[in-house]
Amino acid sequence: MENNHTESHEKNTGWLRAGVLGANDGLLSTAGLLSGVIAGQANHDQILLAGVAALLSGALSMAAGEYVSVSSQRDSQKAQLRQEAHEIKQNPEQEQLELCRIYMDRGLDEALARQVSFQLMQRDPLEAHAREELGLTEVAEARPVQAALASAVSFVSGAVPPVLIGAFVPHAYALPMLFVSTLILLVILGVISAKLGGSNPLKGALRILFWGTVALAFTALIGHLLGQAIG
């Protein structure tokens, strides 16, 4: 029972963990960009423009990349299903034997495995082979548009706080406020991601805190140096 609960939990939280990671990308990439721009002595309008551009370009880039990736996955799934349907039509006995062997490998005795495979082949052979042989289920079916929208929304949710700081916090306080708020949010996201993944929350928080600090400090340093050189 415990294993079934764990599997169900992983299926239910997988999409949520992906959303948290997307928000983490949006937060750190946008905050890193703005830290460099602010440290480079950009004015308020330039900071706001850079933040909005980072939010929009990042969200669209994530959506486009996810759409292309999941579309390729869907095309591969369809090709597998067409091949499997052809094999079932050409040699149904052999395909039933394959299904029987799958169940035997999972621990069923031969008689029961033959009975189960026979009944499944009579009901919906393609569905049975898609699930048992190819590992394709309705839950796992690739949905490019849904994946693209989810990726864009998660990125935007993380990018919004740095943009708001750039828009409304006075220039003199923008950089420290950006650092503090971003690191706090990164720690929160790190803890959530670790909990959803079943790992140590403290370890996850410290890891993202360290690398977040490095990323922000490095981009701020580069922005400052470039700002001095250009100025």
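I began at Q41, which sits in the loop between α1 (2-39) and α2. The model is predicted, and I read every value below with that in mind. I looked up the backbone of Q41 and found phi near 70 degrees, a positive value in a residue other than glycine. Most residues other than glycine have a negative phi. I then checked cover. Q41 has 58% relative accessibility and counts as exposed, because the cut-off for exposed is over 50%.

**Whole chain**

I counted secondary structure next. There are 8 helices and 0 strands. Read along the sequence, the pattern is α-α-α-α-α-α-α-α. I looked up burial for the chain: 34% of the 231 residues are buried. The chain exposes about 13,900 Å², and carbon and sulfur atoms supply 63% of that area. For contacts between residues at least 6 apart in sequence, I noted that 74% join residues at least 24 apart.

**Helix α6**

I tested the length of α6, residues 144-168. How far apart should its ends be? At 1.5 Å a residue, its 25 residues should span 36 Å, and the end C-alpha atoms are 36 Å apart, so expectation and model agree. I also looked for a bend. α6 bends by about 35 degrees at A159. A proline, P161, follows within four residues of that point.

S154 is also in α6. Buried or exposed? S154 is buried, with a relative accessible area of 9%. I listed its contacts beyond four places in sequence: G19, G22 and A23.

I moved to L55, in helix α2 (residues 44-90). L55 counts as buried because its relative accessibility is 13%, and the cut-off is under 20%. Which residues does L55 touch, leaving aside neighbours within four places in sequence? I found F155, V156, A159, V160 and V163. A159 is where α6 bends. I took one distance here. The C-alpha atoms of L55 and V163 are separated by 7.9 Å, though the two residues are 108 apart along the chain.

**R17 in α1**

R17 belongs to helix α1. Its relative accessibility is 34%, so R17 counts as partly exposed.

**M177 in α7**

M177 is in helix α7 (residues 171-197). A relative accessible area of 41% makes M177 partly exposed. Not counting residues up to four places away in sequence, M177 touches I165 and V169. I took the C-alpha separation from M177 to P162 as well: 9.3 Å, across 15 residues of chain.

**Surface patch**

Last, I searched the surface for nonpolar side chains. Which residues form a nonpolar patch? F218, L221, I222, L225, L226 and I230 do, with about 620 Å² of accessible area together. I placed one of them, L226, in helix α8 (residues 201-230). An α-helix has 3.6 residues a turn, so residues three or four places apart point the same way.

Key. Residues numbered from 1 in each chain as written. Predicted model: local features only at pLDDT ≥ 70, side-chain atom pairs only at ≥ 80, totals over all residues. Heavy atoms only, no water. Helix = DSSP H or I, 4+ residues; strand = E, 2+ residues; numbered from the N terminus. Expected span 1.5 Å × (residues − 1). Bend = angle between axes of the 7 residues up to and from the residue. Patch = residues over 30% accessible without salt bridge, like charges linked within 9 Å, V, L, I, M, F, W, Y side chains within 5 Å. Areas by Shrake-Rupley, 256 points an atom, 1.4 Å probe, with all protein chains shown as cover. Salt bridge = Lys/Arg side-chain N within 4 Å of Asp/Glu carboxyl O. Buried < 20%, exposed > 50% of the residue type's maximum accessible area, 1.4 Å probe, protein only. Contact = heavy atoms within 4.5 Å.
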